[in-house]
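Please look at the sequence and the model below, then read on.

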Amino acid sequence: MQEEKIYLTKEGFKQYEERLVYLQEVARPQVIEEIKEARNQGDLSENAEYDAARDKQAAIEAEILEIQHILENCIVIESSTSAANSTVRIGSTVKFYNLLTKDINEVTIVGALDADPFNNKISNSSALAKALIGKKSGEEVEVEAPKKYKVRVETIL
């Protein structure tokens, strides 16, 4: 089974790196100390603090593995800042005209882990992004959403 590519912005990559360092250098040693303290309290079979610390340790280790997987398998996307980028791609900021609502909107296409619709960052796997990727300024495309609509690419930033 082929794994789907993980796209991250430079900022997203840096945030995952920082989180990994925190988990490995701060959270992991803290939980190891908590386990030691709980062990010193005696009978482990009825020690809720020990169980909680072990659960916390398992969660930290799982998050470390997940972040390591993301960082090892990601593609860092560059923001498109030059006029040479005449087609929409991951990392592009696109102004488009919605032919249904007559609105002009602006979105940045990012990887799924960086998506933040409230800040106009949409996932490359969203219907709108899929319709826009590969298009040039002036092109009209139909967005394959539950209620289909058409947009026209105005500018690619």
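The model is predicted: local features need pLDDT of at least 70, side-chain atom pairs count only at pLDDT 80 or more, and totals for chains, interfaces and linings use all residues. Residues are numbered from 1 along each chain as its sequence is written, and side-chain values use heavy atoms, with hydrogens and water left out.

**The sheet**

- Five strands form an open sheet in the order β5-β4-β3-β7-β6, and their pairing is mixed.
- Strands (E, at least two residues) and helices (H or I, at least four) are DSSP runs numbered from the N terminus, and two strands pair if DSSP finds at least two bridges between them.
- β5 (121-123) and β6 (140-143) are the edge strands, each with a single partner strand, so one side of each has no neighbour in the sheet.
- On average, neighbouring strands of this sheet are turned by 45 degrees against each other, direction ignored; the axes are lines fitted to C-alpha atoms.
- Five bridges join β3 (residues 93-98) and β7 (residues 149-156) in the antiparallel sense, and Phe 96 stands opposite Val 153 in β7.

**Helix α1**

- α1 (residues 10-39) has 30 residues and spans 42 Å from its first C-alpha to its last, close to the 44 Å expected at 1.5 Å a residue; the expected span is 1.5 Å times one less than the number of residues.
- At Leu 23, α1 bends by about 40 degrees, the angle between axes fitted to the seven residues ending there and the seven starting there.
- Buried residues of α1 include Gly 12, Leu 20 and Ile 35; buried means under 20% relative accessible area, exposed over 50% and partly exposed in between, with a 1.4 Å probe and protein chains only.
- The buried residues of α1 pack against β1 (6-9) and α2 (48-73), where contact means heavy atoms within 4.5 Å.

**Nonpolar cores**

- A nonpolar core is a set of buried Ala, Val, Leu, Ile, Met, Phe, Trp, Tyr and Cys residues joined through side-chain atoms within 4.5 Å.
- The largest one has 18 residues, and Val 88, Ile 109, Leu 128, Leu 132 and Val 151 have the most contacts inside it.
- The largest share of this core, four residues, comes from α3.
- A second, separate core of eight residues includes Leu 23, Ala 27, Val 31 and Ile 64.

**Ala 115**

- Ala 115 lies in the loop between β4 and β5 and counts as partly exposed, at 32% relative accessibility.

Note on methods. Axes fitted to C-alpha atoms, helices over the stretch in contact; angles between N-to-C directions.
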